[in-house]
Amino acid sequence: MNDLIRQIYETGVVEDRDGRKYDVFPSSISRADGEAIYRVVRDSGAVRTLETGMAYGLSSLFMLQAVKDNGGTQHVSMDPYQAAWWHNVGLANVERAGFAANHRFFAAPSYNAMPELLKAGERFDAIFIDGNHRFEYSLIDFIFGDQLLNKGGCLILHDPWMPSIRKAISFIVRNRDESYQIVPEYGIGADTRWRASMKFLKALRENPYDLFAARFFARKTLRNYCVFRKIRSISQEDIDRAWDVYCSF
Ligand SMILES: C[S@@+](CC[C@H](N)C(=O)[O-])C[C@H]1O[C@@H](n2cnc3c(N)ncnc32)[C@H](O)[C@@H]1O
């Protein structure tokens, strides 16, 4: 593993270009999640990757390392608050780790940057969604991510502990099952019947209308990320033709 990544997790501290220090948590991904994301990208052989939400650049470092180990060329990050909230630490970390030549950054929200990439005809092999965690923004990241992702590629959503992210995952499972399958090897197990019942009741109490999501997630032990594989590309024309398809989620 990259020395800078090791050092950041050992000290729990990151530094900006002027040497000012910041606590890496709670905003950054855990080491375990980062290593899992590294494995997903590495195992899939991805050579071009993208992430929404960079913060202090931990996921960027893991993905850049995997892209490099795959002999790849580029990782794209987008974050409108890299300067204002994160003191450009993410970008400084990418430079310190020696990855700058393989990194492209958009100081813009994903709903602006992703359409630009789409218009330019760019495609990616793995996409990590970790930007604005509200349901509607995660769904927008998925919709654009889907159009940017090559067939066979992986789409990873972070933080399925959040109801908003679970809802976005439910949408994909219910409405895009022809194109996407959850990859169980990366963190999904079956829960005992007793635990599943308790989780189901708890989820329903929190969100009484969320019947599908409550049932779906009650039966599964999820880690803090959910990995989908794109098994089929459906053309935008076919999606537009099936304009009235809808499954509650
Ligand atoms: C949980 S943090 C990301 C953590 C990071 N991936 C890591 O590895 O530590 C969420 C990030 O999303 C960014 N963000 C918020 N709104 C966004 C948007 N519309 N598009 C892209 N990023 C956004 C925030 O500035 C923040 O850096």
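Asn 175 is buried in the predicted model, with a relative accessible area of 15%; buried denotes under 20% relative accessible area, exposed over 50%, and partly exposed the range in between (1.4 Å probe, protein chains only). The residue belongs to helix α7, which spans residues 163-175. Helices (H or I, at least four residues) and strands (E, at least two) are DSSP runs, numbered from the N terminus. Beyond its neighbours within four places in sequence, Asn 175 is in contact with Tyr 246, Cys 247 and Phe 249, contact being defined as heavy atoms within 4.5 Å. A polar atom of the Asn 175 side chain lies 2.8 Å from the backbone nitrogen of Cys 247. A polar contact is a pair of N or O atoms within 3.5 Å; within protein, one atom must be able to donate a hydrogen and the other to accept it, and residues adjacent in sequence count only if both atoms are side-chain atoms.

The model is predicted, and local features therefore require pLDDT of at least 70, side-chain atom pairs count only at pLDDT 80 or more, and totals for chains, interfaces and linings use all residues. Residues are numbered from 1 along each chain as its sequence is written, and side-chain values use heavy atoms, with hydrogens and water left out.

Strand β11 (residues 225-230) is largely enclosed by the rest of the structure, because five of its six residues are buried. Two strands are taken to pair if DSSP finds at least two bridges between them. Strand β7 (residues 149-158) runs antiparallel to β11 and is joined to it by five bridges; Ile 156 has Val 227 of β11 as its bridge partner. Strand β8 (residues 180-182) also pairs with β11 in the antiparallel sense, over three bridges. Here the bridge partner of Ile 182 is Phe 228 of β11.

Helix α4 (residues 89-96) is likewise largely enclosed by the rest of the structure, since six of its eight residues are buried. These buried residues are Val 89, Gly 90, Leu 91, Ala 92, Asn 93 and Val 94. They pack against helices α1 (3-11) and α3 (58-69) and against strands β1 (13-15), β2 (21-23) and β5 (103-106). Just after α4, Gly 98 takes a positive phi of about 80 degrees.

Of the 20 residues around the ligand, Gly 53, Ser 59, Asp 79, Ser 110 and Asp 130 come nearest; a residue is counted as near if one of its heavy atoms lies within 4 Å of the molecule. A polar backbone atom of Gly 53 is 3.0 Å from a nitrogen atom of the ligand. A polar backbone atom of Ser 59 is 2.7 Å from a ligand oxygen atom, and an N or O atom in the side chain of Asp 79 is 2.5 Å from an oxygen atom of the ligand. The protein covers 91% of the 600 Å² of accessible area that the ligand has on its own, as given by the Shrake-Rupley method with a 1.4 Å probe.

The peptide bond from Phe 25 to Pro 26 is cis, with omega near 15 degrees, and Pro 26 is placed in the loop between β2 and α2 (31-44). Ala 55, in the loop between β3 (48-52) and α3, has a positive phi near 50 degrees, although not a glycine; Ala 55 is buried, with a relative accessible area of 12%. His 87, in the loop between β4 (74-78) and α4, has a positive phi of about 55 degrees and is not a glycine. His 87 is partly exposed, with a relative accessible area of 32%.
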